[in-house]
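Keep the picture in view as you read.

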Amino acid sequence: MVAAVSPEVPGVEHRYVQVGGLRVHVAEAGSGPPLVLLHGWPQHWYLWRHQIPELARSYRVIAPDLRGHGWTDAPTGGYDKENLAADLIGLLDALELDRVRLVGHDWGGWTGFLACLRAPERFDRFLALNIAHPWPSRSPAARLSLWRFWYQVVVGSPLGSLLVRRTPFISRGILGTVERGALGRAERDAFADRWRDPARARASVQLYRTFLLRELPAVARGRYRDSTLTTRTRLLFGTGDPAISPRLLAGYERHAERMDVRWVPGAGHFIVDERPDRVLAEIQEFMAE
């Protein structure tokens, strides 16, 4: 099925793909080796608007919307991040893709880590952007930085759905933290307007409530302590991220010997919007090695 989606990006075609009981919206462009781009909250496939046209010269670019985001279905459940990873692997199966290159920002990055741990044979390389890895530092300084997750508590609260739907919380609050000039009003609205749908607003609540009540405590207790990341991975991180402290990233080496970290001084959480050329260059360099 062809998806009716706006805004437009030159060369991008849209369709729906059935993944189990979930109808997933996929934006695609170009031909060549498959390259999957995963967005985070509160955005959707359009996050990659600056990178897709150039990447499509060398790759078959596949930019799906995560469960509950964009134009993908927003069911009442299934928002634990292991299930988002299962959605991704199911999408690869539906597209008949045995092995892909992967890029993920925010929850797309976390989903990417979990998918690479679950099915490393499906991923050639993985580039994560401004997200913590599954082995966060337990240092006192790192734990004190968790106050930055305050917005997650707000979104996951009983009032979260109304806040997301009926206020400028996303367009001015969350996306308002993007470096000045990197996101115009029309672009902020392109992301925020999808959350006015009640089902998608509830999806936001479930995304964070599930994380705060079940997943974060499990990660803190060492849920992935015995897991090893074998996929060649790079983590690109803007040091000015107001949501995720760089202090959380220390101590990954014994779990991910094939991962390296590159810092982008001054860039914030929304690094794809703030440093589009740097992100494009990192994708091109890393995926071509």
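Contact here means heavy atoms within 4.5 Å. This is a predicted model, where local features need pLDDT of at least 70, side-chain atom pairs count only at pLDDT 80 or more, and totals for chains, interfaces and linings use all residues. Residues are numbered from 1 along each chain as its sequence is written, and side-chain values use heavy atoms, leaving out hydrogens and water.

Start at Lys 81, in helix α2 (residues 81-94); helices (H or I, at least four residues) and strands (E, at least two) are DSSP runs, numbered from the N terminus. Lys 81 counts as buried because its relative accessibility is 0%, and buried means under 20% relative accessible area (1.4 Å probe, protein chains only). Leaving aside residues up to four places away in sequence, Lys 81 touches Trp 107, Trp 110, Leu 114, Leu 207, Thr 210, Phe 211 and Glu 215.

Now find strand β5 (residues 100-105): 6 of its 6 residues are buried, so the rest of the structure largely encloses it. In a regular strand the side chains alternate between the two faces of the sheet. Here Val 100, Leu 102 and Gly 104 point one way, while Arg 101, Val 103 and His 105 point the other.

What are the neighbours of β5? Two strands pair if DSSP finds at least two bridges between them. Strand β3 (residues 34-38) runs parallel to β5, joined by 4 bridges, with Val 36 opposite Leu 102. Strand β6 (residues 123-129) also runs parallel to β5, through 6 bridges, and His 105 has Leu 129 as its bridge partner there.

Conventions
Buried < 20%, exposed > 50% of the residue type's maximum accessible area, 1.4 Å probe, protein only.
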